[in-house]
Amino acid sequence: MASSFLSPAQTKLIDFSDTCKSQTHLFKLQGGFSLKRKNVKVTIGKGIRCSATPSVPPAWPGTVPVDDLTKATVTWDGPKPISIIGSTGSIGSKTLSIVSEHSDKFRVVALAAGSNFSLLAEQAKQFKPQLISLRNESLVGELKEALAGADYMPEIVVGEQGTDAVASHPDAAMMVSCIVGCAGLKPTVAAIKAGKNISLVNKETLIAGAPFILPLAHKHNVKIVPADSEHAAIFQCIQGWPEGALRRLILTASGGAFRDLPVEKLKDVKAESINHPLLSLGKKVTIDTATLFNKGLEVIEAHYLFGIDYDNIEILIHREGIINSMVEAKDSSVLAQLTLPDMRIPTIYTLSWPERIDCSEITWPRLDLAKIGSFTFKEPDNKKYPSMDLCYAAGRAGGTMTGVISAANEKAVQLFIEDKISYLDLFKVVEKTCEKHQSELVASPSLEEILHYDLWARDYAESLTSSLAVV
């Protein structure tokens with residue numbers, strides 16, 4: 001179906017209806033239009049089309065060309081120099097464990113953290129970067145004290161300026177973006193303007209920032225290499241594909257903590273009872289896997305990364321968590337990428353791309369399919385996971401809407417953890433925030449507008465608490 005862009009005035013026609021009460025979880029639009037995830041008859045009315053997203057150049061338009069593979073093979077004088085923002089977080093720490101194990105392949109030139117000064121100091125002592133940064137300026141004294149007596153003292157720059165300096169460090173060949181939320185946008189811009197390729201863990205960089213970030217990356221000839229397991233899987237599967245060969249993307253999901261729980265019992269669940277069925281994750285990510293908002297947002301990210309229409313991106317429940325993603329070619333061939341659930345695997349590939357690094361079977365266990373035995377697949381239930389339709393609708397609206405839904409979800413999860421709203425109200429908060437944003441949607445936003453509406457969405461989502469408070 002042909003797509004056309006809706007102006008901010010036209011977006012007033014979009015109605016994110018109360019899907020939490022709906023039996024079908026459709027998104028109704030005035031003018032005779034309804035949106036569903038896929039395989040639905042779409043009625044066109046009053047000039048509205050399936051996608052409101054303006055033309056945003058994808059990072060990898062359905063292929064990773066052979067020329068890019070050749071150009072990416074660059075030699076350095078010694079190990080590849082990298083900088084890491086968000087080094088004290090889970091993925092940042094895993095990235096440093098890779099550097100430690102493969103010090104002949106990688107070296108750290110700069111590190112940035114938020115508030116964890118003690119861990120940053122330990123990392124600085126071990127990896128001896130030239131520059132470190134602490135975003136929380138009030139803790140710089142504690143950081144210097146933690147470094148006292150060290151045999152090596154790096155340069156210290158604090159605040160946003162420091163994070164940007166780490167991201168754009170002149171000696172770094174690649175910046176690894178592990179920082180959480182929209183705080184990762186400005187340093188990513190700094191890295192791109194400095195010509196640094198990006199190993200992308202931070203989802204908001206593309207979910208919220210793609211309309212600004214991707215044109216900038218193309219302008220500076222910077223490669224954005226996805227480091228989360230689902231998109232890294234797709235990235236690996238389409239290496240060297242001819243242009244136009246990619247037909248469909250299939251993102252797999254575990255189904256989360258409530259995959260076996262009847263829908264009618266969801267109203268009673270509490271945050272403390274939510275645990276991921278396969279992995280040990282932080283509370284926020286664990287809840288996102290239960291609601292499936294993580295996968296819905298990954299659909300948006302996949303659209304921006306690979307340029308595939310939302311009608312051709314699907315979500316599939318795969319309980320075993322071994323197949324990270326699948327891609328279908330136009331000849332109906334399907335390729336899948338499989339690993340044990342281990343975030344180090346996609347991370348090391350983005351660092352070494354397009355090369356492969358020999359890893360120890362002791363520290364990197366091999367996949368034993370015979371031990372796993374079998375794989376299962378299932379379509380996700382829209383009634384259990386209304387987040388999917390919300391994310392598809394936000395993706396089609398485009399512009400600032402994708403950042404708004406991401407920020408609203410983050411705030412709603414926080415409110416649920418704090419027991420200020422119920423589990424089912426979490427979906428309502430996100431939906432109502434998106435609905436409110438329609439009249440102000442910006443199609444081709446600046447970085448400042450993206451950050452503005454990120455903050456606005458959080459504030460508006462929180463303002464809904466009183467009407468949805470847990471009794």
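Partly exposed describes a residue whose relative accessible area lies between the limits for buried (under 20%) and exposed (over 50%), computed with a 1.4 Å probe on protein chains only. The model is predicted: local features need pLDDT of at least 70, side-chain atom pairs count only at pLDDT 80 or more, and totals for chains, interfaces and linings use all residues. Residues are numbered from 1 along each chain as its sequence is written, and side-chain values use heavy atoms, without hydrogens and water.

**View A. Glutamate 418 pairs with lysine 420 in a salt bridge.** A salt bridge is a side-chain nitrogen of Lys or Arg within 4 Å of a carboxyl oxygen of Asp or Glu. The closest N and O atoms of glutamate 418 and lysine 420 are 3.2 Å apart. Glutamate 418 is partly exposed at 37% relative accessible area, and lysine 420 is partly exposed at 35%.

**View B. A salt bridge joins glutamate 328 and arginine 248.** Their closest N and O atoms are 3.0 Å apart. The pair links distant parts of the chain, 80 residues apart: glutamate 328 is in strand S12 (residues 323-329) and arginine 248 in strand S10 (residues 246-253). Strands (E, at least two residues) and helices (H or I, at least four) are DSSP runs numbered from the N terminus. Glutamate 328 is buried at 10% relative accessibility; arginine 248 is buried at 19%.

View C. Arginine 458 and aspartate 454 are both buried.

**View D. Salt bridges link Lys203, Asp228, Glu230, Lys295 and Glu298 in a network.** Across the whole structure, the search finds 23 salt bridges.
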